[in-house]
Amino acid sequence: MSPFQNNPIGVIDSGVGGISVLKCIREHLFHENLIYVADSKFAPYGEKSSEEITHRVLTVFDFLNKQDVKSVVIACNTATAASIQILRDRFSYPIIGMEPAVKPASLMSKNKIVGILATSGTLLSAKFSALLEHHSNDIHFITQPCFGLVELVEHGDLDSPALIALLKKYIDPLLKEKIDTLVLGCTHYSFLKPAIQTLIPDHIKIVDTGNAVANYLKHVLVEKDLLSQNIASGTTNFWTNSLDKNADKVMADLWGGNPESYNYRGLWV
C-alpha cells in the first residue's frame, strides 16, 4: 500500500476553465481530495510565450507541492503544450496533461471535416502541430484561434450578447467549411457549450476531453497504487490569485451543486 494514497490531487489552470475538468474528476473519483488552483491573475496563457507559461506553471507546482499532492492534472491545453515535458522531468508523481480531442473527433466525423476552437498558444505549439499531422491523413482540420473568449469566461460571462457575437464570429467560418464535428480545444470553452449549440446545426457534434482525462487519471492512480482509500466523499478546495472581487462567485457558479461541497480558500500567491 502506498503511503500517499490519501494525499490530494492537484488540478491547475490559467483560470477557471479547468473547473470543467474538475467536475468530471469529481464524478469519476468521488472519494479523492481535490485542490484546484486558478492562476487567474496571469490569464489567459494563450498569448504568452512558452517560457512565461512554464514559469507560471512551475510557480503553481511549488504551491501544490507544499500541499503534498500525489498527482497533478494540468487542466489547460496551452500549459500542457508548453510545459508538460519539463514538469515530468522534474517531478516524480504522475502528471496528467490535456490536448484537444483531435483523435476522437477524427473517428467521430462522417464527412471528415473537423473544426477546432482553441487559443493561439495551443494552435501555435509544436505539440499541437504534431497531433494534427498524426491524424490528418484523411481528415481536413480547420483551426480557429479565439481571442477574448477566455477573458469573458473568467468573468462568468457565458451568454451575454457580446459573448454570442464573438462566438458567432469564430464559428461562422467553420460552418461555411461544412464541418460536422467541433473540437473545444480550451477547457474554458466547455462552459460555452450551451451558447455554442444555439449557433450550430443539430447534426454537428461537440467534443471536449474532460471525461477522457478523468478516466485516464483514475487508470493511472490504480496502476500506481495511489487510489484513495477514503470511505467518505473527498474534499474540494479552490484557490485563486484573481484580483476580481467576484472571483469566488464565478467559481461557485461554474462549480454548481451544494455550497457545502467545496471550500473557497482565496488568494494563494
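The model is a predicted one, in which local features need pLDDT of at least 70 and side-chain atom pairs count only at pLDDT 80 or more, while totals for chains, interfaces and linings use all residues. Residues are numbered from 1 along each chain as its sequence is written, and side-chain values use heavy atoms, with hydrogens and water left out.

Aspartate 225 sits in the loop between α10 (210-223) and β9 (236-240). Helices (H or I, at least four residues) and strands (E, at least two) are DSSP runs, numbered from the N terminus. Although aspartate 225 is not a glycine, its phi is positive, at about 55°. Lysine 178, also not a glycine, has a positive phi of about 70°. The loop between α8 and β7 (181-184) holds lysine 178, which counts as exposed because its relative accessibility is 59%.

## A cis peptide bond

Most residues other than glycine have a negative phi, and most peptide bonds are trans. The bond from alanine 43 to proline 44 is cis, with omega near -5°. Proline 44 belongs to the loop between β2 (34-38) and α2.

## Helix pairs

Two packed helices are described by the angle between their axes and the distance between the axes. Here axes are lines fitted to C-alpha atoms, for helices over the stretch in contact, and angles run from 0 to 180 degrees between N-to-C directions. The axes of α2 (residues 50-65) and α3 (residues 77-90) come within 9 Å and cross at roughly 55°, so α2 and α3 are oblique to each other. Angles under 35 degrees count as roughly parallel, over 145 as roughly antiparallel, 65 to 115 as roughly perpendicular and the rest as oblique. In α2, Ser50, Ile53, Thr54, Val57, Leu58 and Phe61 are in contact with Thr78, Ala79, Ala82, Ser83, Ile86, Leu87 and Arg90 of α3, contact meaning heavy atoms within 4.5 Å. By class, this contact of α2 with α3 has 8 nonpolar, 4 polar and 1 charged residues. Ala, Val, Leu, Ile, Met, Phe, Trp, Tyr, Cys and Pro count as nonpolar, Asp, Glu, Lys and Arg as charged, and the others, Gly among them, as polar.

For helix α1 (residues 19-28) and helix α11 (residues 247-255), the axes come within 10 Å and cross at roughly 45°. That angle makes α1 oblique to α11. Ile19, Leu22, Lys23 and Arg26 of α1 make the contact with Met251, Leu254 and Trp255 of α11. The classes in the contact of α1 with α11 are 5 nonpolar, no polar and 2 charged residues.

## Nonpolar cores

A nonpolar core is a set of buried Ala, Val, Leu, Ile, Met, Phe, Trp, Tyr and Cys residues joined through side-chain atoms within 4.5 Å. The largest has 53 residues, and those with the most contacts inside it are Ile19, Ile25, Val73, Leu117, Leu149, Tyr189 and Ile196. Helix α8 gives the largest share of this core, 6 residues. Apart from this core lies another, of 23 residues, including Ile35, Val37, Cys76 and Ile84. Not counting residues up to four places away in sequence, isoleucine 25 touches Val11, Leu34, Val73, Ala214 and Leu217.

## Leucine 175

Leucine 175 is part of helix α8 (residues 161-176) and, at 23% relative accessibility, counts as partly exposed.

Note on methods:
Buried means under 20% relative accessible area, exposed over 50%, partly exposed in between (1.4 Å probe, protein chains only).
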